[in-house]
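User: I am new to this structure and would like to learn how to read it. Could you take me through some of its features, one by one?

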Number of protein chains: 2
Amino acid sequence: MKRIPYKTYLPEEKLPQAWYNVRADMADQPAPMIHPGTHEPMTAEQLTPIFIEECCRQETDNTTRYIDIPGPVMDYYRTYRPSPLCRAYHLEKALDTPAKIYYKFEGNNTSGSHKLNSAIAQAYYAKKQGLEFLATETGAGQWGTALSMACAYMDIELRVYMVKGSMMQKPYRKTVMETYGANVFASPSETTSVGRKLLAEYPDTTGSLGCAISEAIEAALSKGSDCRYALGSVLNHVLLHQSVVGLEAKTAMETLDEYPDLVIGCAGGGSNLGGLMSPFIQDKLLGKRAPKFIAVEPASCPSLTRGRYAYDFGDTGCTTPLLKMYTLSSGYIPHPNHAGGLRFHGMSPILSKLRHDGVIDARAVPQKAVFEAAALFAKVETILPAPESSHAIRVAIDEALECKKTGETKTILFGLSGTGYFDMTAYSSFLDGSMTDYVPTDEDLEKAFATLPKA
Amino acid sequence: MKRIPYKTYLPEEKLPQAWYNVRADMADQPAPMIHPGTHEPMTAEQLTPIFIEECCRQETDNTTRYIDIPGPVMDYYRTYRPSPLCRAYHLEKALDTPAKIYYKFEGNNTSGSHKLNSAIAQAYYAKKQGLEFLATETGAGQWGTALSMACAYMDIELRVYMVKGSMMQKPYRKTVMETYGANVFASPSETTSVGRKLLAEYPDTTGSLGCAISEAIEAALSKGSDCRYALGSVLNHVLLHQSVVGLEAKTAMETLDEYPDLVIGCAGGGSNLGGLMSPFIQDKLLGKRAPKFIAVEPASCPSLTRGRYAYDFGDTGCTTPLLKMYTLSSGYIPHPNHAGGLRFHGMSPILSKLRHDGVIDARAVPQKAVFEAAALFAKVETILPAPESSHAIRVAIDEALECKKTGETKTILFGLSGTGYFDMTAYSSFLDGSMTDYVPTDEDLEKAFATLPKA
């Protein structure tokens, strides 16, 4: 039998040359983005004032199965890809489980996560379109860092609205982005009308991702015709770019004669989860052997497990087109206690549809249990995981322990989407015992649902 | 012609199974450690009250060419090794140089640097000896993090004395170490007599590596027979463990049919430099084709370029055995403005001897020029480098630009020993213009030399 190495890196010639568009294999398509006024589906053309042109095309392309990765994007990918497929021998031993645990590790780049995969694609398309500025928001900071890196490489000016609470927790994230030339503002800020309005009403607010999105969109629109807005998750074109994660993982497992019984990923807006899972979801959609899928979300922001499947805005300011997704409503303010990202009220429309159709399962986990899993993982597998990714670790461990009970030798694959190097405030609160769990009551959610736009 | 990939990862079966001991090939041995009182060479037995037994054996072993890497250390290495040998295509393009630039990147692990290579070896030997505690110091923080990780894995209690100035600049480094279970103290501290004495004399001092070493040794000795002191650089056994870096790099270059004309590394205590260079130095010592070697040090702490080759203490408290090395004297206080590590007053006795014999060259570079190189590298090669490693980048760029002038197509290999994720305060001062250069005057150095121990 072949000895499975700790780490499998695909050789350059085996790297994916095209992204995989899961929509092309979905018999039942995700519902289209609609205009909040007319309730008509948005065309690519209608999206171009906000988003990069090629991204708009990809956003609305439900039929092209594979889309070539442009040469300059491939060149950039090769500076940090392939990412390793890791066999968690040490974790298996620590758990004394018969399960085989694999993880795809996306943290070995300066952005610290998978976010760079879409950032460089968007920056490249922006450059090709002749744009000179991009604006974006960032919550935990990975996306902002990734887009800063990509824009530095492509010589594009970037403005980042960073959720204020997150900036206070992670001052160095800002410096990293600035090192790559970005202009970073704490959100809500005085630079937009959305920000000023919110600050007037709640001067002490620490912000939210939804609000930062509103500010970035406003900034992009007000800046003129050579500026656009870039988003790091949720949207279809982002999931498309992230498919490189799953394509690499699948090919790497093939070279090991392995195939997962279970694929686990953390879910905030869905970029990591969708990227890792979609090439395996293809097998399921085509009726082949396929794994079971588990999306893991925080109990404090449980869109997939307790949200409504409904049309909603992507931002607090209600300025985006409407997306059909599992949502807690754009009026839901995630609890500030929760560490890291995954605090978005909604979920990728593609993943929402797949969840609605029973293709993927979802599970919500409390924060302290997540950090317990993270600490064990750090000790035995040596990597200090991002709080977001640790949600997936938690469930991977739970499933491996279940295998120990039942004696099953399942093959588990999870996404280790990033590292926690800039999340030490969260680890600190875990270590000193000040971290708490938060789970919204049904009443909290009902109150939020009441703010959903009328169908 | 073979296409050189951006990244070359050795397959697991090609990983080095033994460390290389460069002393075995040196016709002229480095001078032995001597006792400060008797001036007699120290035996392994005399070192064992301070250091881990097997490390003492390795420290004084000048004849065994290859020393097997123990199985459990190999198991740990495989969680983060091999590290990639990277072809800097983007940097070459940005410089428009005919030179081929390679770098061996050691930053893809949670400690953020090569330090883990020796940390896990020392922790393993400590465990094997039945020790329950280790004590150490850390300057920039990489070594302390690495040993924390290794001790967590081996279930050994660890106490880390972190240079106070560094801890203030990098609060999150402390949290990382604590996440791995270490007890971290700002040095000078009230927990040792050396620390108390220094605090009484200079209450506002931000500490130094030399002082932190003294405190860690005192803590180890006072703790009793199941505790020892561990050092992350300078000593022979540390260079031995770090040879894994150069062995991997050499094998990887062989698989590409490449061989360097020039090997460049940053030099603080010498662990990174010695590790990367020693397998290539072997070629030179054996009279084969060999590269030119450049050790790069900060102009603010120029031991190899402006120091004396003399016996000196390794610490400020003058508690270590005497080491024959290039030194600015243990009384030299490195300028606080200087960012990152490399602030040690001395240098590895092995490298000092090789420098003295003309085997390796040395160059000192000013800080701002180093950060300029770092910023360019980060932009085009995407990795945010550690300030220490950026010294090597600076000289690699200078040499590549020289090739552009002369038209030479040299093959350059440099060591990218770590990432700068925890050094954002330094980057911040570079970005806002508050960073300054500092070069000691000859008078400054003469004053320091006067404190050298009498021969």
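Analyst: Gladly. Let us begin with a loop: A:Cys318 lies in the loop between β12 (308-313) and β13 (322-327) of chain A. Helices (H or I, at least four residues) and strands (E, at least two) are DSSP runs, numbered from the N terminus. Phi of A:Cys318 is near 55°, a positive value in a residue other than glycine.

User: Before we go on, what should I know about the model and its numbering?

Analyst: This is a predicted model, in which local features need pLDDT of at least 70 and side-chain atom pairs count only at pLDDT 80 or more, while totals for chains, interfaces and linings use all residues; side-chain values use heavy atoms, with hydrogens and water left out. Residues are numbered from 1 along each chain as its sequence is written, and chains are lettered from A and ligands numbered from 1 in the order in which they are written.

User: Is A:Cys318 buried, exposed or partly exposed?

Analyst: Buried means under 20% relative accessible area, exposed over 50%, and partly exposed in between (1.4 Å probe, protein chains only). With a relative accessible area of 36%, A:Cys318 is partly exposed. Compare B:Val234, which has a positive phi of about 65° although it is not a glycine. B:Val234 lies in the loop between β9 (227-229) and α11 (236-255) of chain B, and its relative accessible area of 5% makes it buried.

User: Where is there a cis peptide bond in chain A?

Analyst: Look at the bond from A:Ser187 to A:Pro188, which is cis with omega near 5°. A:Pro188 lies in the loop between β8 (183-187) and α9 (193-201) of chain A. In chain B, a cis peptide bond joins B:Ser187 and B:Pro188, with omega about 5°.

User: How do I read an aromatic pair?

Analyst: Rings of Phe, Tyr and Trp (its six-membered ring) pair if their centres lie within 6.5 Å; planes under 30 degrees apart count as stacked, over 60 as edge-to-face and the rest as tilted. By this rule there are 35 aromatic pairs over all chains. Take A:Phe371 and A:Tyr427: their ring centres are 5.1 Å apart and their planes are at 75°, so the pair is edge-to-face. A:Phe371 belongs to helix α15 (residues 367-381) of chain A and A:Tyr427 to helix α17 (residues 424-431) of chain A, so the pair ties together parts that are 56 residues apart in sequence. A:Phe371 counts as buried at 1% relative accessibility, and A:Tyr427 is buried with a relative accessible area of 0%. An edge-to-face pair is also formed by A:Phe377 and A:Phe414, at 6.2 Å centre to centre and 70° between the planes.

User: Which residues of α17(A) are buried, and what covers them?

Analyst: The buried ones are A:Met424, A:Ala426, A:Tyr427 and A:Ser429. Their cover includes α15 and α16 (387-406) of chain A, together with α8 (171-179) of chain B. Just after α17(A), A:Gly433 takes a positive phi of about 85°.

User: How are the two copies, chain A and chain B, related?

Analyst: Copies are superposed by least squares on the C-alpha atoms of residues with pLDDT of at least 70 in both. Chain B superposes on chain A by a rotation of 180° with 0.0 Å of shift along its axis (RMSD 0.0 Å). That is the relation of a two-fold axis. The C-alpha of chain B nearest the axis is that of B:Asn108, 3.0 Å from it. As for the interface, 100% of the interface residues of chain B are also interface residues in chain A, so the copies meet through the same surface.

Conventions
Contact = heavy atoms within 4.5 Å.
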